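Student: I am new to this one. Can we go through the side chains step by step?

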Amino acid sequence: MPQQVVKKDRRMFSSSDDSAMMKQVVGTHSPDGRDVHLEPILNVIEETLYRAIPASIDGVVKGTHDGHIDSPVGEEKAVFSSFEDIDGIPDGLAHLIHKIACEFSCKCSGGADAHASTMAILNMLSSYTWEAKVVISLGAFAVNFGEFWLVAQLFATNPLAKSVALLKQLPNIIQHYKSLKPRFDAINNLIKAILDVTKCIIDFKNLPYQYLQDDTPPKSTALTHIPTAVYWSIKSMVACVSQLTSLLGMNYEYITATSEAWELSSLAHKVQNIHEHLKSLLLLCMKNIEEKQHDEYYLMLVRIFDVSHLDNLKILKALFCAKDDIHPLLDGSSKTRVNVDVLRKNTVLLLISDLDISHEEILVLTQIYKDSRIQPGLQYEVVWVPIVDDLMAWNDIHQHKLEQLQSMMAWHMLHHPTLLEPAVIKYVKKVWHFEKKPILVALDPQGRVTSLNALHMVWIWRNDAYPFTSMKEEALWKDESWTLDLLVDSIDRYILHWIAEEKYICLYGGDDLEWIRKFTTIAMNIARTAGIPLEMVYVGKSGTKERIRKITTTISEEKLSHTWPDPTYVWYFWTRLESMLHSKMQQGKRFEDDPIMKEVMTMMSFDGSDQGWALICRGSSEMARAGADLALTSLDEYDNWEGDAQQNGFVPALKTYLALKHTPQHCTRLILPGVGGGMPDEVVCSECGRTMEKFFMFRCCTD
């Protein structure tokens, strides 16, 4: 794409300009190294031109002087202040501007040769840079143009202006302004095009040299075309002055002629094309520079995270304060803007996500965060870092979504995604492996990364995972075994009471309502037959909220078992299981050597199937589990293992019978939602231990 723009640009210039003429133009160029501060001068020029151009002749005729077009430069005081900062225009330069203004007014009328006048001006400016040539010429033109309209604007109220206007026959021009409007419009359009080209040339001059040298494309390409742009800009100024001076003392027939307006429009089209092509090259240059600046900032981030610091402020400022915003964060409780200093010497958890972070994640994390506020010794803060890839497409919908999410959060958050440098986003993705699903990067009080994703241990152990380091995660796993306590944790307080009471508990799931009806009926019948106190709880299925909500309602209405009416409980149950698997993988554990990992994968395989499943236990550690058909068949054949149940216990007998009924034929599916950097190279089947085939699944689920 950049090469196409450059080639198109080269064709445009070479096809429309006589090469011999341009050699003549370049031959006038002999810069002596002098430097002129051009921007303040250009600001005054632009202010002059826009103040001079009348938006309506009514203000000129009535003498109200309010008919000019508003200047885009800015406040008048600021424009003149910046001009005064450089002590105005140097005497030598002022004299040169006067000479060029005379060249415009004296030699640009009566059918004078526009090319000759343009070359004469370029020869006067031979010792200046190309950008200085066009700005100085534009200054001389602004003097002529400004004087012309100054007299016209003061004609109705100032006797001196009226006398000058009469001598110049300006009243005739004002009288026939409507007839002349096409010509004045053409002049104004051409002036705007000249200004655009001039500012574009200045922009090339101001490009940071350390990132893009003059001999490096696309800048080198643009610099070869700037002499052409300067030539046509000055030639257009000559044409504008020629048109203005030719109006003085002309008769009505000449005034109403349209050929002059056409000539100006043709020039405007030419200059506009030059501007468009230079602008396209400028955009390529700026993109090139931005990429180098982003690379530079990215390498700085890499270095800064490799160095030890006394506290975390340098790290946090590098992440959030690159845009010089002294209050980049929003306080979750007061919703006021705050500085990163509020996080100093705290453990900081960076919650990194896009705008699609689920409400369930926010709700559960909010409860965990609020619990930490009332527990002594938990010195940590959470900061939400919203990542938005295409900020150019940002609209009111995105803004509303951002504000809605921010209103739900009790912790600190980045005020707006635009405050993040692209290099920070690159670092988050490349080094911290953020892709789509939220991650929670833990920084210690010195800013060191202690966990690339502490979200898994937070879901599993909540605040017991503090200070959220990999060592703490490993220590917590050493104290765990596969129990109902680990599986359910504090999601359902009733289950914890049933465990303490040594009741029989059955967790079951899936979204096959007919199987649920059959299974719950036969399970309760067998419990009565066996004389055991059985509590059943439906734990749903991951990823299908609306369907599970309907099934939960049906189960409750038909009194089939206990349910979790809040969908957040169902979401949290399956998210914790998923987190257990990812946590184990982060610890480098293998299926063959880790009983907990094997049981977790079995549970997730049940969830990945299209059928139901059941897990029956007594207390916390005595468990038996099976898929839909095997669970239903084994309970239906209770007569076959009733004696064993009476002798060894219901759950051990069921577990033995399930093993007897198990067949080698199976089709196991394990769906692992992708978390950047956490996908295993291979996974073995929880049923037979063979390596499973790997498939890629893309899902968009709004349920």
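Student: Are Tyr 508 and Phe 519 buried or exposed?
Tutor: This is a predicted model, so every value here is computed from it. Buried means under 20% relative accessible area. Phe 519 has a relative accessible area of 0%. Tyr 508 falls in that class too, so the word for both residues is buried.

Student: What kind of pair do Trp 515 and Phe 519 form?
Tutor: Both lie in helix α23, four residues apart, about one turn of the helix. Trp 515 is buried, at 7% relative accessibility. The ring centres are 4.8 Å apart and the planes are at 5 degrees, so the pair is stacked.

Student: Where is Trp 613, and what is its relative accessible area?
Tutor: Trp 613 is found in strand β11, residues 613-618. Trp 613 touches a list of residues beyond four places away in sequence, including Tyr 508, Trp 515 and Ala 628. Trp 613 counts as buried, with a relative accessible area of 0%.

Student: What separates the C-alpha atoms of Trp 613 and Ala 628?
Tutor: Along the chain, these residues are 15 residues apart. They also touch. Their C-alpha atoms are separated by 4.6 Å.

Student: Now the charges. What is the distance between the closest N and O atoms of Arg 51 and Glu 47?
Tutor: Both residues lie in helix α3, four residues apart, about one turn of the helix. Arg 51 is partly exposed at 31% relative accessibility, while Glu 47 is buried at 3%. They form a salt bridge, and the closest N and O atoms are 2.6 Å apart.

Student: How many residues apart in sequence are the parts that Arg 344 and Asp 311 tie together?
Tutor: These two form a salt bridge, with the closest N and O atoms 3.0 Å apart. Arg 344 lies in the loop between β2 and β3, and Asp 311 in the loop between α14 and α15, so the pair ties together parts that are 33 residues apart.

Student: Which residues are linked in a network of salt bridges with Asp 356?
Tutor: Asp 356 forms a salt bridge with Lys 436, the closest N and O atoms being 2.9 Å apart. That pair ties together parts that are 80 residues apart in sequence. The network links Asp 356 with Asp 354, Lys 401 and Lys 436.

Student: Which residue lies over the face of Trp 477?
Tutor: A Lys sits at 4.1 Å from the ring centre of Trp 477. That residue is Lys 584.

Key. Residues are numbered from 1 along each chain as its sequence is written. This is a predicted model: local features need pLDDT of at least 70, side-chain atom pairs count only at pLDDT 80 or more; totals for chains, interfaces and linings use all residues. Side-chain values use heavy atoms; hydrogens and water are left out. A salt bridge is a side-chain nitrogen of Lys or Arg within 4 Å of a carboxyl oxygen of Asp or Glu. Helices (H or I, at least four residues) and strands (E, at least two) are DSSP runs, numbered from the N terminus. Buried means under 20% relative accessible area, exposed over 50%, partly exposed in between (1.4 Å probe, protein chains only). Contact means heavy atoms within 4.5 Å. Rings of Phe, Tyr and Trp (its six-membered ring) pair if their centres lie within 6.5 Å; planes under 30 degrees apart count as stacked, over 60 as edge-to-face and the rest as tilted. A charge sits over a ring if NZ of Lys or CZ of Arg is within 6 Å of the ring centre and within 35 degrees of the ring normal.
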